[in-house]
Amino acid sequence: MLLSSFFRQLPARLRSLETTTTAVFLVRWLLISVLIGVLAGSASAFFLIALDWATDWREQQPWVLALLPVAGLGIGLAYHYFGKQAVRGNNLLLEEIHTPRTLIPLRLVPLVLGGTLATHLFGGSAGREGTAVQMGGALADQLTRLLRLRPRDRRLLLIAGMSAGFASVFGTPLAGAVFGLEVFLLGAIRYDAVLPAFLAAISADLVTRAWGVGHTQYPQLAAFPITPLGLGCTLLAGALFGLVARSFAALTHWFSRQFGRIAYAPLRPVVGGVLLVGIVWASGTTRYIGLGIPVIVEAFQGPLGPSDFAWKLFLTALTLGCGFKGGEVTPLFFIGAALGSALAVVLPLPVALLAAMGFVAVFAGAANTPLACLLMGLELFGVQGAVYLAVACVVAYLFSGHRGIYGAQVIGQAKHLRYGRQQGKRLNEL
C-alpha cells in the first residue's frame, strides 16, 4: 500500500519510534476499516431492506409456504453446483482465520444473500446474522489482493469484516466488534485485531444507518435493585439458558447429520421443506417461521407460554440442519426472550428483565461469546440491568459446555479446568 511504502522511506531512527509505528498502524487500519465498513454496511443495508420486503410479502401471501420445498431445491442446486467451499458459511471464515489457505470466494455473497432471502420469503425459520457476517467477511477478504496485504494482515481483515457485518445488521457496533474478536477462539480474544474490529464495526453501522435503514427498538429496562434473591434467580435462569443453547446447537447438528445421509445434497432442503410445511400447517400458525421479531417484542410485554421457545428451537434447527440458509442469532433471541418471559411466572423478577436476560444469554451460550452478548444487552436495553445481564451471559456460557453453533471454533481456554485437555481442538472434533 502507499502508506506502507511511505513508512519504509522514513529514516531508520524515525521508523524505530514507537509512536511513529503506532500512528502508521492507526492511519493504515483506519483507511482499511472504513473501506470495509462501506462495503459491509452497504451490503447489510440492501439485505435488511430486501428481508423486510420478503417478510411483509410472505405475511400477506400465506399460500407461498407451499413452495418452500421448491425454494429448497433452488438453494440446494445453487450451492451444490456453484457454492463449493462456500457451503461451510461462517465456519469457512473461522477456518481461514485459524489456518489461512485461499481467499473467500466472492460468489459467497450472492449465494448466501439469495439463499437467505428465499428461505424467509417462502417461510423457513432462520435469522440474518450469518448472512451479514459472511458477506462482511467475503467482501473484506477481496481487499487482500487489491491492497496486496500480508497473510498476517489477512487475519485482521477477516475479523474486521465479520465485526462489520454483525454490527451493521443489528445496529450494535460495540457488540459487533467484540463478536468478531471473540467468536473464532473460544475463551480468548486476539488483541492485535481490536483496532480494526472496532473501526470496521463503527463504520459499518454508520453506513447502514446513512442508507436510512433502521433497527428494531426494544424497551429500555427499568432500574431493579441488586439483591441476593435476584442474583440467585439469575444464576438459575442462566443455567437454563445455557442448557437450552446447548440443546439448540446439538439438535441443529443432529439434523445436519441425518439429512447428510441423503446422497444428493440438493434434495436435503427439499425433504426438509416438506417436513417444515407439514409441521407449520399441522400447528395451524405461522408464529414460529421467519425472524419472529413480533413475538420477541411481545415477550417483553407479558409472560409467554412455555411452548413458544420450544417450537422456535425445533423449527429453526430443522430449517438450518436440512440446508436452508440464514443465521441462528435472531432465532436464538426469540428462543431466549420467550424462555425468559415464560420464567416470569415462577421467578420473582420483572418479565422484561428476564426476557432481556434470555435474549442475550442463550446467544452467549450457543455462540460462546459472553462479552459480545453483554455489550449487546447494554446497547439494546440500557445499563440498568447490567449486572443481571452479565451474570446470565456468563453462567449460560459455562453451562453450554464445549458445544456451539460454530463447529470451527477452536478452544483457546477451556471453560472448566477438568476439560483442559480439549484446548486447541475445534468444537466439531469433540
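Is F314 buried, partly exposed or exposed? At 31% relative accessibility, F314 counts as partly exposed. The close-ups below come from a predicted model, and this residue returns in the second view.

View 1. Searching the whole structure turns up 0 disulfides. For C373, the nearest cysteine sulfur belongs to C393, at 5.4 Å, and C373 takes part in no disulfide. C373 has 0% relative accessibility and so counts as buried. C393, at 1%, counts as buried too.

**View 2. F255 and F314, an edge-to-face aromatic pair.** The whole structure holds 23 aromatic pairs, and here is one of them: the ring centres of F255 and F314 are 5.7 Å apart, with 75° between the planes. F255 belongs to helix α12 (residues 228-259) and F314 to helix α15 (residues 308-321), so their pairing ties together parts that lie 59 residues apart in sequence. With a relative accessibility of 9%, F255 counts as buried, whereas F314 is partly exposed at 31%.

**View 3. F333 and F363, with ring planes at 80°.** Why is this pair edge-to-face? The planes of F333 and F363 stand at 80° and their centres are 5.7 Å apart; an angle over 60 degrees counts as edge-to-face, which means that this pair qualifies. Distant parts of the chain are linked here, since F333 sits in helix α16 (residues 329-343) and F363 in helix α17 (residues 351-367), 30 residues apart. F333 is buried at 2% relative accessibility, and F363 is buried with a relative accessible area of 1%.

**View 4. A cluster of linked rings.** Stepping back from the F333 and F363 pair, you can follow ring pairs through a cluster made up of F166, F170, F179, Y218, F300, F333, F359, F363, F381 and Y406. Both phenylalanines of the previous view, F333 and F363, are among its members.

**View 5. Lysine K312 over the ring of F334.** Here a charge meets an aromatic ring: the charged end of K312 is placed over F334, 5.3 Å from the ring centre.

**View 6. Lysine K415 over the ring of Y397.** In this close-up the ring belongs to a tyrosine, Y397, and the charged end of K415 sits over it at 4.2 Å from the centre.

Note on methods: Residues are numbered from 1 along each chain as its sequence is written. This is a predicted model: local features need pLDDT of at least 70, side-chain atom pairs count only at pLDDT 80 or more; totals for chains, interfaces and linings use all residues. Side-chain values use heavy atoms; hydrogens and water are left out. A disulfide is a pair of cysteine sulfur atoms within 2.5 Å. Buried means under 20% relative accessible area, exposed over 50%, partly exposed in between (1.4 Å probe, protein chains only). Rings of Phe, Tyr and Trp (its six-membered ring) pair if their centres lie within 6.5 Å; planes under 30 degrees apart count as stacked, over 60 as edge-to-face and the rest as tilted. Helices (H or I, at least four residues) and strands (E, at least two) are DSSP runs, numbered from the N terminus. A charge sits over a ring if NZ of Lys or CZ of Arg is within 6 Å of the ring centre and within 35 degrees of the ring normal.
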